[in-house]
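I opened my notebook to look up two things.

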Amino acid sequence: MPVAPHIKELMSSSSFIRKMFEEGIRLKAQYGDDKVYDFSIGNPDLEPPKEVKASLARIAASPKTGLHGYMPNAGYPETRAAMAAKVSQEQGVAIDFSYAIMGTGAAGAMNAALKAVLSPGDEVLVPSPFFPEYAHYARNHGGSLKPIPSKEDFSLDVPVIAAAITAKTAAIIINSPNNPSGKIYSNEDIASLAAALKAAEAKTGRQVLVIADEPYREIVYGGRKVAPIFPAIPCSVVVSSFAKNLSLPGERIGYCVVNPACPGAKELADAIIFTTRVIGYVNAPATFQRVVAECWNAPVDYSSYDRRRAALTAVLKDAGIEYNEPEGAFYLFCKVPPRKASTGPETDAEFCDQLQKHRVLGVPGTGFGRSGWFRLAYCVSEATIKNSAESFRAARAEW
Ligand SMILES: Cc1ncc(COP(=O)(O)O)c(C=O)c1O
């Protein structure tokens with residue numbers, strides 16, 4: 001009863017990934033686990049590396065007291081130093097620990113960063129397709145998300161982004177490798193975005209914060225590298241987590257690192273420390289701060305994602321379904337095929353319903369801001385992929 005009308009409205013309109021995930025649980029109970037091909041959610045199925053479990057066991061057995069108490073809102077200094085070292089390596093610039101703030105997952109870190117820079121009525125730009133939760137995160141802090149279509153090949157359409165920047169633009173979210181397209185933005189894309197931001201600042205008089213959301217940075221194919229943004233774009237932060245690279249999504253451990261070259265970088269870092277508190281996170285989980293301080297660079301073999309990418313693309317080719325070849329992350333963004341006897345414009349939701357009739361679960365592209373497409377998360381077993389082939393073929397043949 002006391003639920004706010006706009007929350008009721010959002011609950012019914014925007015939780016499609018979760019809805020599919022729950023539908024998967026229902027179908028598995030009805031048909032059996034091995035008869036349902038659930039590609040709905042990006043929950044990594046690799047186990048965390050052995051270093052994580054060893055570190056956790058050591059921490060649990062430690063005779064030290066006070067391990068579970070409150071701490072400074074930014075996190076433990078040694079964990080912040082480890083995150084600063086990680087991001088220094090990735091971005092190729094020296095970063096002091098004071099620019100690193102621990103967060104409750106990448107989601108918590110991004111909410112703290114947005115809270116720090118958004119005023120009521122501000123806009124947050126995002127190249128589409130995009131991770132749908134961003135819309136909620138912008139709205140949480142009085143802003144709104146403004147999707148900007150990417151090019152056909154999912155690279156950044158910088159002139160269109162530049163034209164969309166106004167004095168109301170507080171931030172731009174850049175997610176590379178991208179969920180759902182798997183695109184890695186090139187050095188050239190980042191350089192031209194940097195030039196466009198400079199020109200926009202001269203026009204509007206406002207600095208726009210670029211938030212690089214990088215939970216998939218390590219999961220790349222063909223030896224690709226994710227372009228650093230710190231050397232090119234001073235007004236920037238990286239937010240990330242250990243949800244995907246160390247398979248720890250449930251532990252809610254992430255961080256935000258402010259570019260030391262950002263004008264007012266110290267003030268921005270202090271603001272994000274403050275907002276971590278006022279949005280109610282207080283601090284990131286204590287035990288996993290200790291774990292990631294030790295294990296952030298534990299070696300992980302991601303080659304099974306590459307194998308599964310190959311397996312699923314083979315299944316789709318066989319079924320006659322087109323897809324975008326991902327460069328990183330573990331999602332395939334696929335085109336809704338044309339219908340045999342078209343009775344009107346086919347929607348991605350209808351094609352996902354068609355797949356579901358054959359016990360295949362995917363997510364409509366509309367929710368990611370790109371209709372006519374759907375997303376398959378291939379962090380599932382190779383057997384699931386292989387056994388789904390007949391269902392994809394049958395669903396496509398009937399369509
Ligand atoms: C692009 C992107 N950003 C952020 C997140 C949230 O990550 P975390 O679980 O660390 O909050 C996800 C999770 O799937 C994601 O795909």
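My entries on the helix pair and the sheet follow.

I worked on a predicted model, where local features need pLDDT of at least 70, side-chain atom pairs count only at pLDDT 80 or more, and totals for chains, interfaces and linings use all residues. I numbered residues from 1 along each chain as its sequence is written, and side-chain values use heavy atoms, with hydrogens and water left out.

**Helix pair.** I looked up helix α5 (residues 105–117) and helix α9 (residues 265–278), which pack at about 115° with axes 8 Å apart. That makes α5 roughly perpendicular to α9 (65 to 115 degrees counts as such). Axes are lines fitted to C-alpha atoms over the stretch in contact, and angles run from 0 to 180 degrees between N-to-C directions. Helices are DSSP runs of H or I with at least four residues; strands are runs of E with at least two.

I then listed the contact (heavy atoms within 4.5 Å). From α5 come Ala112, Ala113, Lys115, Ala116 and Val117; from α9 come Leu268, Ala271, Ile272, Thr275, Thr276 and Val278. I sorted these residues into eight nonpolar, two polar and one charged.

**Sheet.** I traced seven strands in an open sheet, ordered β2-β8-β7-β6-β5-β3-β4, with mixed pairing. At the edges I found β2 (100–103) and β4 (144–149), each pairing on one side only. Pairing takes at least two DSSP bridges between two strands. The twist averages 25° from one strand to the next.

Val124 stands opposite Leu145 in β4.

Key: Parallel < 35°, antiparallel > 145°, perpendicular 65-115°, else oblique. Nonpolar A, V, L, I, M, F, W, Y, C, P; charged D, E, K, R; others polar.
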